[in-house]
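Visitor: Please take one part of this model and go through it closely. I would like to know how its pieces are arranged and which residues make the contacts.

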Amino acid sequence: MPLTGIEIFKLLPKTNCGRCGEPTCLAFAMKLAAAKAELAACPDISDEVRAKLEEAAAPPIRLVTIGAGNRALKIGGETVMFRHEKRFENPPGFALLIRDSMDESEISARLERFNQLEYKRVELTLRPELMAVKDESGDRARFEATVSKVKENTDASIILMSPSPDILAAGLKVCAERKPLLYAATRDNLEPVASLARQNSCPVVAKASTLDELARLTAQLTDSGVNDIVLDSGARSLRQALEDQILIRSTALSKRFRPLGFPTIVFPGEMTDDPMKEAVIASIFVAKYSGIIVLSDFQGESLFPLLVERMNIYTDPQRPLAITEGIYPVGNPDENSPVLITTNFSLTYFIVSAEIETSKVPSHLLVKDTQGLSVLTAWAGGRFVADTIAPFVKKCGISEMVKHHKLIIPGYTAIESGSLEEELPGWQILVGPKEGAHIPAYLKTWQP
Amino acid sequence: MAYDKIPKTAYNGRIKEIRLGKGDTAVTVGGETCYPFYLFEGKMPNLPRIAMEVWDTSPEDWPEAALEPFQGVTGDPVAWARKCVTDFGAEMICLQLVSTDPNGLDRGADEAAAVVKNVAEVITVPLIVWGTANHDKDTRVLRKVAEVNEGRNLILGPVEEGDYKKIGAAAIGYQHTVIASTPIDINLAKQLNILLGNLGVRDELLIIDPTVSSIGYGIEYCYSVMERIRTAALTQQDKKLQYPLICNVAKEVWKTKEAKLPADGALTLGDTRKRGILLEAMSAMVLLLGGGDVLIMRHPEAIRLVQEIITELAAPKNN
């Protein structure tokens, strides 16, 4: 449990030396409790107290970084079982599997897919993060060559997969600076794999066949100085795998059980041979608590829905996604096309633009910044009323883009039409439908 | 360190069991004593069920992938429903009364009720009848549907705050189940259930529609509202939320741009047909994890995937 400022204060040297930058130890303790200061700033703290404070301050699920640099993936650090309790923090990474036994052309095709599959949505770039290279040949040189191909041709974070510490070491030799994730330390190879992780400061997967065995394994790993751990409970039946994901998270959060306080990795491709089913199974683990989802393969049709689902589930429930204020063309609008206005709540924008598209009437869609609020909420909060809409319409430049000066406002803001006509001289205000679904019918009657 | 601190959710509630349809092919849903598929903590005596969607008029905006399985029957709701049952093994049918939309074809109540009756007569599985969410029109149409199909235990909706009295009364009078529909809000859902209860709708004749959407179009809101409804029902003894949940998801998925977009060979978009199927199956999966008991789905392949996964999630543990 996190300590209070007073509890921390009791452990500090109480010298009020000021070298931490705070006037007193009490002030420093208060800042520590609020996570606004670093323990390292205190020069006099004993190792014993440091360990105690670090233990208390550590998050219940450790934040683990896979890879290095810009593309590094952070997983773990979760604090709740349900997103409505606060939010989910760090979206799971998607990994594309490459077996070193695959032929050249298959490997190249996968590298190309990995690099090309990238999507823009709500001004975010959605893409997979990891490539998992699996030793199947048992051949050190072959594994090393495959890893090096992945390293040279992609900026992916890498997972090295082999039961053999020697083969893992061969892979590490070519990509150690990428801080790859080692898969996996088991009961049988714990010490050599742990030693590779220590020497290269790499994260490592602990793999067992039960949660009990897994907890013992991670305790051994942390005792040996390896702290960046990812968990594989070993379950390959869907039911058991889901149960393990839930129990690992809930044990770490509600019981503060450190040995399971790590992010997890799952392998939907080892639960089915059907690629479509694999993708749907992966969608379960996006919502239910995985840190890394390794896919035996992916294509645009399967990766895209997974990436969007992940974005949805990991959206902060308290902070709606918003898009930039501006003029958005739908279809290829010209100077005679209708002009509609809505708010910048991303969902509102998606629905309105999709309905305009359905209508097949090319239109200019004005999106007003309402700090991510939907039409009714923004209107009620004074952010989508004549006083704020009019200045935006004037300055956004739409006047020069259309010959007619007709503005279609959402049906729910009909009451603003009078004031808008006053504040936008020369514009005629038309009241559109209340519901997005009725936009197509409405637009079909459009006359410039 | 030994793992001996297995946590357990403190459940104190149970979802009511309701029986949909009549006779041998009636389907029971609900009865859960744990979160969806948390079978290490409780029971799901009735696994979630899937109703196949049938439209009462030829769909104009369905992508090819969704139309293809129903080629030749999409203009005939009776043949369409029969095909769903015989060819695809549908356990339930949901007839969407799209043609009654006043902003569309605006077909009358009598005609709609006759179509429902014709469909009901050729199938034995439970029949869900879904209006257009226009209060005036649904009131006229669904009351007529209820009357003409007296005693069949149809599942009628959406019944909303703006039209619950008249539709609810008709459902009570002619013995049908009510779909209590509210816009993604736990408090509104509870309030409507209370109103329907006060009106006289019996507990075993009510199912909640929390209003759902697809991946990419706000599914996270539905997911969280469903999770909150289940949390209140199972751990906070909120009796007025202890009802099964129904999710009318297919039409939300297949109307999206992403389900329709032709790939034109672009690697990023992949195969159009498979993309639509996966969007539907994954959206359904998210809603199942939120607590969905009945899913209204469209593509037979998406349905197969979801059914197989439901079976696996509930498979006996002996591996």
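Guide: The domain bounds used here come from an automatic or database domain assignment. The model itself is predicted. On that basis chain A is divided into domain 1 (5-57), domain 2 (64-313) and domain 3 (326-443). Taken over C-alpha atoms, the centres of domain 2 and domain 3 of chain A are separated by 45 Å.

The sheet in chain A comes next. Eight strands form an open sheet with parallel pairing, and their order is 10-9-8-7-6-3-12-11. Strand 10 (229-232) and strand 11 (265-266) of chain A are the edge strands, each pairing on one side only. Within the sheet, strand 3 (residues 93-99) of chain A pairs with strand 6 (residues 130-134) of chain A in the parallel sense, over five bridges. One residue pair can be named here: A:Leu97 has A:Ala132, in strand 6 of chain A, as its bridge partner.

For helix packing, turn to chain B. There, helix 10 (residues 272-290) and helix 11 (residues 300-313) pack with their axes 8 Å apart, at an angle of about 35°. The crossing of helix 10 of chain B past helix 11 of chain B is right-handed. Helix 10 of chain B contributes B:Ile277, B:Glu280, B:Ala281, B:Ala284 and B:Met285 to the contact, and helix 11 of chain B contributes B:Glu301, B:Ala302, B:Leu305, B:Val306 and B:Ile309. Sorted by class, this contact between helix 10 and helix 11 of chain B holds eight nonpolar residues, two charged residues and no polar ones.

Methods. Residues numbered from 1 in each chain as written. Chains lettered and ligands numbered in written order. Predicted model: local features only at pLDDT ≥ 70, side-chain atom pairs only at ≥ 80, totals over all residues. Pairing = 2+ DSSP bridges. Helix = DSSP H or I, 4+ residues; strand = E, 2+ residues; numbered from the N terminus. Axes fitted to C-alpha atoms, helices over the stretch in contact; angles between N-to-C directions. Left-handed = near helix turned anticlockwise from the far one by under 90°. Contact = placed C-beta atoms within 7 Å. Nonpolar A, V, L, I, M, F, W, Y, C, P; charged D, E, K, R; others polar.
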